[in-house]
Amino acid sequence: MYLTLLAVFIVGYLFIALEHTVKIDKAATALLTGTLCWVVFIFGRDVFLANITGEESIHFVTESLRENLGEISEILFFLLGAMTIVEIIDAHEGFSVITDRITTTNRVKLLWILCMLTFFLSAALDNLTTAIVMSALLRKLIHEKKDLWMFAGLLIIAANAGGAWSPIGDVTTIMLWIGGQVTAMHIVTEIFLPSLVCLLVPLAIVSFRFKGHITKPFEKHNLESHGLEISKFEKNLVFVIGIGALLFVPIFKTITHLPPFMGILLGLSVVWITTEIIHRNKTIEEKKTLAISNVLRRIDTPSILFFLGILVAVGALQSAGHLADMSRLLDANFDSIYAVNAIIGVLSSIVDNVPLVAGTMGMYSLEIYPPDSDFWELLAFCAGTGGSILIIGSAAGVAIMGILKIDFMWYLKNISFLAIIGYAAGILTFMLVN
């Protein structure tokens, strides 16, 4: 049953990777994979839970599922809230505040502008929120699918690299920060340069290949297409409050110690109430286009369900002990902290980096590796940036994959090699500096 569970996950993963070949939506495959993994787990509970028998073993499996769903729901609610805020801003043409100022159509210049913006924005927000915002911007700036996907792939690398050097930029860095393995100032000073190199190396390579200019989309504004007018004040107000709500999330978490999804729901409610007030004197027909009920229809629900399925499947591997066994295997065969962390980073592109880091934190105590040691800092970098190697290896990648409909195999052929080179360059930079 141990191998059966692993086989179900691998087969499901392959179907997700070959979505366009088998012509089955990845969300459906992910949901089936996640469900079957838990079915195998509960039927094979006598194998997985040798020390627990009878009703207790059933209780253990069901409680593990509920615990996993609790953690997953935090991510899903955060994703739903952030996507809704972005769609509200977009419905009011708020992103024109940025897109109107980006006038260049030169591929190389535009790529550097967007990647550096993503790199620093993901450190202030987090890589998932930044990925959602930048996906909306890309659709406003680039028309051709080939260019759109190429830019998006590099933005995934930028978002994950930017999130790695900030204590609030990625879920794993937040875990290490809260757990006391790293301090905020130390991770910024020690990981910033490796993270920057991780982005600059792929950017430099692509810059030599990119030529010419991108084609901007000829898009009639949503409001104009409905014969509506919105004042510049209203457009700017929704943009400022929306982005402010996203930026406030890490501050909210620091002040209240509540999970980030509570902060995003607070921000969403403020944006929602604001739009209700500024449109209260408009006709029902005018408000319909700008109302939250209309905006919610634009949310990419299949992407959220895909997220649910893949995280549920990984949760089964974690609860059944596969990830813990993997950590022990690494510990038994590799003595170097660089080798262990490098492999963890690569594995994080296949399975979720959160349980991998959680397992590593459980294996190595602060007595073995004290706070701010090279081991914890390198773990933050590798777990944060290693997910860029595959598009479903990070929250940012999954979000952009869903929003822009990027093909898994296309990413593997065109972006993965660049991500590996950047990842390796970042590790080498860390080794040289330390």
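Hi everyone. A quick definition to begin: a helix here is a DSSP run of H or I with at least four residues, numbered from the N terminus. With that in hand, please keep in mind that we are looking at a predicted model.

Let's start with leucine 196. This residue sits in helix H11, which covers residues 184–209. Is leucine 196 buried or exposed? Its relative accessibility is 16%, and since buried means under 20%, leucine 196 counts as buried. Setting aside neighbours within four places in sequence, leucine 196 is in contact with Met116 and Phe119. Take the phenylalanine: 77 residues separate leucine 196 from phenylalanine 119 in sequence, yet their C-alpha atoms are 8.2 Å apart in space.

Next, serine 57. You'll find this one in helix H5, residues 54–91. Serine 57 is buried too, with a relative accessible area of 0%. And what does serine 57 touch, once neighbours within four places in sequence are left aside? The contacts are Arg45, Leu49 and Ile52.

Last stop, the second largest pocket. Its volume is about 260 Å³. There are 14 residues in the lining, and those closest to the pocket's centre are Leu6, Phe9, Met326, Ile350 and Val351. Two elements give two or more residues to this lining: helix H1 (2–17) and helix H18 (322–333). Which of them gives the largest share? That would be H1, with six residues.

Definitions and conventions:
Residues are numbered from 1 along each chain as its sequence is written. This is a predicted model: local features need pLDDT of at least 70, side-chain atom pairs count only at pLDDT 80 or more; totals for chains, interfaces and linings use all residues. Side-chain values use heavy atoms; hydrogens and water are left out. On a 1 Å grid over the protein atoms alone, a cavity is a set of points where a 1.4 Å probe fits but cannot get out, and a pocket is an open set with protein on both sides within 12 Å along at least five of seven lines; lining residues have an atom within 4 Å of a point. Grid points are joined across faces, edges and corners, and a volume is the space filled by probe spheres set on the points. Buried means under 20% relative accessible area, exposed over 50%, partly exposed in between (1.4 Å probe, protein chains only). Contact means heavy atoms within 4.5 Å.
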